Structures are given as structure tokens and as C-alpha cells.
Amino acid sequence: MNPWHILGAGAIGSLFALRLHDLGESLQLIRRTDDGNTLTLTFQHAANDKPQQQRTIVLPQQTAAAEDPITHLLVATKAFDVEHAIASIAQRLLPKATILLVGNGMGYHERIKDAYPQCVVYAATTTAGCYCSGVRERIIVSDGHTDIGRLDNQSDTPGWFRPWQRAAWSCRWRTDMTHRLLTKLAINSVINPPTALHDVPNGALLSPPLLAEFEQAITETARRLHWAGFSDVAQLLPQRAIEVASSTRHNTSSMRADKRAGKPTEVDAILGHLLNELQGPAPAPEAPLLTHWFSQLQPVD
Ligand code: KPL
């Protein structure tokens with residue numbers, strides 16, 4: 001069985017490692033630093049309605065310098081690390097290798113597709129919630145739902161996806177991944193920046209004093225989407241954004257977690273894409289609040 005090599009053993013990468021492990025897939029983590037041949041990860045469900053059972057798995061790990069060829073690569077790094085991380089193992093990718101990009105934001109998918117034309121690039125977007133409570137400890141907040149598909153929106157399902165359909169976690173093959181990624185990007189655009197800047201959980205956006213900003217952000221984001229020709233995504237945004245803020249009301253958004261930890265955020269792949277990469281007829285609708293958030297979240301030198 002060809003192993004899945006996994007780049008990025010943070011919260012979402014670890015969660016997918018656990019899921020693939022449970023499906024009986026062979027795995028190989030690729031880590032930045034040489035830290036022994038195995039990584040022990042412990043998982044616990046945060047939800048009170050589930051029995052608090054702890055799971056521990058031991059996974060093989062290696063660095064990018066290892067030499068075994070890669071046929072199936074799952075990339076779950078932060079958006080700004082994707083290109084660099086894949087470049088570090090590029091010479092190990094076999095022709096027709098699968099590259100599955102699981103992450104927030106947009107823009108990098110196309111760049112990877114262009115940089116590795118010999119590979120088949122897939123995208124996944126997930127509403128699963130997981131965070132790292134320690135170097136080896138992961139807390140699963142929600143199993144969420146995962147959409148997966150080809151970037152060229154072709155419908156044929158690859159062989160590797162068959163066992164995933166029988167998985168205990170909700171996962172669907174999609175033929176409209178641009179639409180799905182954009183929907184997630186729009187939700188992240190209105191939830192992640194204000195929760196990071198005000199240092200609040202997602203649910204704080206649903207009541208004063210932050211509700212007015214949340215609504216303005218939804219209006220500005222929807223206008224941009226509509227202007228760029230994605231009226232279907234724009235129309236659904238108000239309802240979807242409120243649903244997600246509500247169902248994740250106790251959660252810390254990934255951007256808030258990164259900002260708190262003093263790490264770089266994914267603002268460029270989220271707000272940067274929305275504000276600077278979407279195309280439409282001139283002039284672009286103004287988005288003063290989103291533009292302000294974008295500049296507030298730029299790293300200080
Ligand atoms: O995807 C998320 C994130 O934090 O990145 C949301 C949906 C906002 C949940 O927190």
C-alpha cells in the first residue's frame with residue numbers, strides 16, 4: 001500500500017492523520033526538524049456530549065530530506081507555508097502523484113497546480129475543529145464536514161477516495177470546489193479577522209458591540225463576491241456566516257489562535273485574496289472595514 005505522506009502535523013494535519021490511520025491507511029509524517037522516527041499523538045474530544053475517551057497513536061515521521069518516493073501527499077500546513085513545504089519534497093514526487101491541499105484561503109491551489117503539472121492536485125475544505133493543546137496533544141472540537149474535489153472540477157472520483165466514503169466522519173466528493181473554497185473563504189473573511197483583532201471567541205460576533213461590524217463585513221464581502229460574478233456564494237453568505245459563528249460560538253478561530261501565539265496569520269490567503277485577487281468590472285466596490293482589518297493584521301517588522 002502506498003503511504004500518505006503528510007506535510008503539516010498541526011491541528012488539522014494531525015486530525016487527518018488520525019482519520020487515515022483509522023481507515024487503515026499507511027502514513028508517513030514529514031516534519032521540519034529531526035525528532036526521532038516516530039511521533040506519538042494524543043487526541044481527546046472536547047464535546048461534553050461525547051465520552052471523554054483519549055486516543056493515542058504512534059506515527060512514523062521523517063524530514064523532507066528522506067528519500068522514499070511520494071505518491072500521495074496531504075498538505076495541511078498554514079496557507080503561507082504550502083508552496084515552500086511542497087518545494088522541500090518536490091524531487092520525491094513521482095509522476096501522477098496525488099497532492100491533496102487541505103486548508104483555509106485561496107490562491108495557492110492554482111500556483112501548486114501550475115508548479116507541478118505532472119501531479120494531480122485536489123482541494124479539501126473542512127469545518128472540522130481541532131487545536132493543539134501541547135506539542136503532542138490535540139483537542140477535537142468538532143468532526144465537522146469535509147468537501148473534497150479536483151481543482152479542475154472534474155467529476156471522476158479517484159481510487160484513494162473510496163475508503164474515505166466509508167469513514168465515520170462526514171466527507172463528500174464535490175465537483176464545484178472553487179465554489180466551496182470561496183464559500184469557506186468568505187466565512188473566514190468575516191469571522192477570523194474580527195475574532196483575532198478583538199481577541200474574542202466566534203460567538204461574540206453575534207451580539208453587540210461586535211454585531212454591527214460583523215454585519216458590515218458580511219455586506220462588504222457579499223458585494224465583492226457579487227461583483228466578481230459569484231452571486232450564488234454572496235447570497236448564501238449572511239445565513240452561512242451566522243450559522244458558522246453560532247455553531248462554533250465557543251471556538252477560537254484559527255486566526256485568533258495564531259495571533260495569540262505570536263505566529264503569522266493566514267490573512268493574505270483569506271482577506272488578501274478577497275480584496276486583491278478577485279476580478280470584476282472597474283471600479284471594485286469599496287470595502288473599508290475589510291481593508292482596515294487587512295492592514296491591521298499585517299505583520300509588524
Ligand atoms: O475555519 C474557521 C477558522 O477558525 O479558521 C472557522 C470556520 C471560522 C471556525 O473557527
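Me: Where does Pro283 lie?
Reply: Pro283 is in the loop between α9 and α10 (288–296). Helices (H or I, at least four residues) and strands (E, at least two) are DSSP runs, numbered from the N terminus. The model is a predicted one, in which local features need pLDDT of at least 70 and side-chain atom pairs count only at pLDDT 80 or more, while totals for chains, interfaces and linings use all residues. Residues are numbered from 1 along each chain as its sequence is written, and side-chain values use heavy atoms, with hydrogens and water left out.

Me: What is the peptide bond from Ala282 to Pro283, cis or trans?
Reply: The Ala282 to Pro283 bond is cis, its omega being near -5°. A further cis bond runs from Pro208 to Pro209, with omega near 5°. Pro209 is in the loop between α5 and α6 (211–227).

Me: Why is Asp199 called partly exposed?
Reply: Buried means under 20% relative accessible area, exposed means over 50%, and partly exposed is in between (1.4 Å probe, protein chains only). Asp199 has 38% relative accessibility, so it counts as partly exposed.

Me: What makes Lys96 buried or exposed?
Reply: Lys96 has 69% relative accessibility, which is over 50%, so it counts as exposed. Lys96 is part of strand β6 (residues 93–102), and its phi is near 70°, a positive value in a residue other than glycine.

Me: How do you know whether Gln61 is buried or exposed?
Reply: The relative accessibility of Gln61 is 5%, under the 20% limit, so Gln61 counts as buried. Gln61 belongs to strand β4 (residues 54–63).

Me: Why is the pair of Trp160 and Trp173 given its class?
Reply: A pair of aromatic rings is described by the distance of the centres and the angle of the planes. Rings of Phe, Tyr and Trp (its six-membered ring) pair if their centres lie within 6.5 Å; planes under 30 degrees apart count as stacked, over 60 as edge-to-face and the rest as tilted. For Trp160 and Trp173 the centres are 6.3 Å apart and the planes are at 75°, so the pair is edge-to-face. Trp160 is in the loop between β10 (145–150) and α4 (162–165), and Trp173, 13 residues away, is in strand β11 (residues 170–173). Both Trp160 and Trp173 are buried.

Me: What makes the pair of Phe161 and Trp164 stacked, tilted or edge-to-face?
Reply: The planes of Phe161 and Trp164 are at 35° and the ring centres are 6.3 Å apart, so the pair is tilted. Phe161 is buried, with a relative accessible area of 0%, and Trp164 is buried with a value of 0% too.

Me: How many aromatic pairs are there by this rule?
Reply: The count comes to eleven aromatic pairs. Ring pairs join Trp4, Phe16, Tyr122, Trp160, Phe161, Trp164, Trp169 and Trp173 into a cluster.

Me: What makes Arg19 lie over the face of Phe16?
Reply: A charge sits over a ring if NZ of Lys or CZ of Arg is within 6 Å of the ring centre and within 35 degrees of the ring normal. Arg19 is at 5.2 Å from the ring centre of Phe16 and lies over its face. Arg224 lies over the face of Trp227, at 5.4 Å from that ring centre.

Me: Why is the second largest pocket said to lie between two domains?
Reply: Domain 1 (4–175) and domain 2 (179–296) each give residues to its lining, so the pocket lies between them. The domain bounds come from an automatic or database domain assignment.

Me: What makes a space a pocket, and which residues count as its lining?
Reply: On a 1 Å grid over the protein atoms alone, a pocket is an open set of points with protein on both sides within 12 Å along at least five of seven lines, and a lining residue has an atom within 4 Å of a point. The second largest pocket holds about 650 Å³ of space. Its lining has 30 residues, and the closest to the centre are Thr265, Glu266, Val267, Asp268 and Ala269. The elements that give two or more residues to this lining are α3 (108–115), α5 (177–198) and α9 (267–277). The largest share, seven residues, is from α9.

Note on methods: On a 1 Å grid over the protein atoms alone, a cavity is a set of points where a 1.4 Å probe fits but cannot get out, and a pocket is an open set with protein on both sides within 12 Å along at least five of seven lines; lining residues have an atom within 4 Å of a point. Grid points are joined across faces, edges and corners, and a volume is the space filled by probe spheres set on the points.
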